[in-house]
Amino acid sequence: MDGVITTQVRVIGALVLRETRTAFGDTQLGYLWAIVNPALSTLVLVLIFSSLGRSPAFGTSFALFFATGILPFQTYSKLSNSLMTAINTSRGLLSYPLVNETDILLSKYILIVLTYLMIIILFFWLIIWGDEAPLPVRVEECASAFLVLTLLGLGAGTTNAVLFRLWPTWKQLESIISRPLFFLSAIFYVPDDFPTHVVKVLSWNPVLHGIEWFREGYYGNYHSSVLSKSYLITCVTILLVLGFFGERLYRKKSI
């Protein structure tokens, strides 16, 4: 059993290295650009909203408040979208006996998580240094929220991958369904500022709970009445079970 686990860990490690070279090239500059590029796009969004005269919905730094929403959201969104097509784009690797669909999904997940972790560290360092924003109060809560959001992205991405293989049109349909999430995930507003009936609708979105959790960890005095960690973890569990069970079932039918 230990030998099997060790072998699969090595396989996933090799796939992560392959994914890194494929996505970013063989130079360190390629990976650096993969980190800087999303950070710059986030900075552009911050500048656009700031130029409109928007004051932060919480705290004194709009850049900080916006970053605590957009960066966790982008992490989830990247995972959900990229994992959907990961198996199809790496189908050639399945010819190797030791490689299966789960290995491909997990290697992609690890690479994206590490990339966005570096993006978050870089971007918050820039905000703290350039905008004199405060340091996170409870780093462990921010880390927990980030981890759970990545698992939500893994579950959603794996489920999307199964649906995409069964029904290729799902890719276009999913992009339409997920598009409103940017506005429903409390990226640039505080949910508690809305009427109760609006908050009830927003609370169905698990990504919003992840962002609220992240903000409670970053700000010492941010208290969300919407946040339900148990609801978010339940959504994560359901998606992971559906995704990996569906992938296993599809794999058996394909043999």
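Predicted model: local features only at pLDDT ≥ 70, side-chain atom pairs only at ≥ 80, totals over all residues.
Visitor: Which residues make the contact of H3 with H6, and how do they divide by class?
Guide: The crossing of these two helices, H3 and H6, is right-handed. From H3 the contact takes Pro72, Thr75, Tyr76, Leu79, Ser80, Leu83 and Met84, and from H6 it takes Phe146, Leu149, Thr150, Leu152, Gly153, Leu154, Ala156, Gly157, Thr158, Asn160, Ala161 and Phe164. By class, the residues of the contact of H3 with H6 are twelve nonpolar, seven polar and no charged.

Visitor: Is Thr75 buried or exposed?
Guide: Thr75 lies in helix H3 (residues 62-84). Its relative accessibility is 1%, and the cut-off for a buried residue is under 20%. Thr75 therefore counts as buried.

Visitor: Which backbone oxygen does the side chain of Thr75 reach, and at what distance?
Guide: Leaving aside neighbours within four places in sequence, Thr75 is in contact with Tyr116, Ile120, Phe146 and Thr150. The side chain of Thr75 also reaches a backbone oxygen, that of Leu71, at 2.9 Å.

Visitor: Which residues does Gln74 touch, not counting residues up to four places away in sequence?
Guide: Gln74 lies in helix H3. With a relative accessibility of 17%, Gln74 counts as buried. Not counting residues up to four places away in sequence, Gln74 touches Ser41, Thr42 and Tyr116.

Visitor: How is H5 oriented to H6, oblique or parallel?
Guide: Helix H5 (residues 101-130) packs with H6 at an angle of about 140 degrees, the axes being 11 Å apart. Over 145 degrees would count as roughly antiparallel. At about 140 degrees, the relation of H5 to H6 is therefore oblique.

Visitor: Which residues of H5 and H6 meet, and what is the division of their contact by class?
Guide: H5 passes H6 in a right-handed crossing. Glu101, Leu105, Leu106, Tyr109, Val113, Tyr116, Leu117 and Ile120 in H5 meet Phe146, Leu147, Thr150, Leu151, Leu154, Thr158, Ala161 and Arg165 in H6. The contact of H5 with H6 has, by class, twelve nonpolar, two polar and two charged residues.

Visitor: Why are H6 and H10 described as roughly antiparallel?
Guide: The axes of helix H6 (residues 139-166) and helix H10 (residues 206-218) come within 7 Å and cross at roughly 165 degrees. Angles over 145 degrees count as roughly antiparallel. H6 and H10 are therefore roughly antiparallel to each other.

Visitor: What is the handedness of the crossing of H6 with H10, and how do the residues of the contact divide by class?
Guide: H6 passes H10 in a left-handed crossing. The contact is made by Glu141, Cys142, Ser144, Ala145, Val148, Leu149 and Leu152 of H6, together with Pro206, Val207, Gly210, Ile211, Trp213, Phe214, Gly217 and Tyr218 of H10. The residues of the contact of H6 with H10 comprise eleven nonpolar, three polar and one charged.

Visitor: How far apart in space are Glu216 and Cys142, C-alpha to C-alpha?
Guide: Glu216 is found in helix H10 and is buried, with a relative accessible area of 17%. Not counting residues up to four places away in sequence, Glu216 touches Arg138, Tyr222, His223, Ser224 and Leu227. Glu216 and Cys142 are 74 residues apart in sequence, and their C-alpha to C-alpha separation in space is 7.9 Å.

Visitor: With which residues is Tyr219 in contact, leaving aside its neighbours within four places in sequence?
Guide: Tyr219 is found in the loop between H10 and helix H11 (229-254). At 6% relative accessibility, Tyr219 counts as buried. Leaving aside neighbours within four places in sequence, the contacts of Tyr219 are Phe58, Leu64, Phe65, Thr68, Val137 and Arg138.

Visitor: What is the phi value of Ala186?
Guide: Ala186 is placed in the loop between helix H8 (181-184) and helix H9 (196-202). At 0% relative accessibility, Ala186 counts as buried. Its phi is positive, in a residue other than glycine, and is near 60 degrees.

Technical notes:
Residues numbered from 1 in each chain as written. Heavy atoms only, no water. Axes fitted to C-alpha atoms, helices over the stretch in contact; angles between N-to-C directions. Helix = DSSP H or I, 4+ residues; strand = E, 2+ residues; numbered from the N terminus. Parallel < 35°, antiparallel > 145°, perpendicular 65-115°, else oblique. Left-handed = near helix turned anticlockwise from the far one by under 90°. Contact = heavy atoms within 4.5 Å. Nonpolar A, V, L, I, M, F, W, Y, C, P; charged D, E, K, R; others polar. Buried < 20%, exposed > 50% of the residue type's maximum accessible area, 1.4 Å probe, protein only. Polar contact = N/O pair within 3.5 Å; in protein donor to acceptor, adjacent residues only side chain to side chain.
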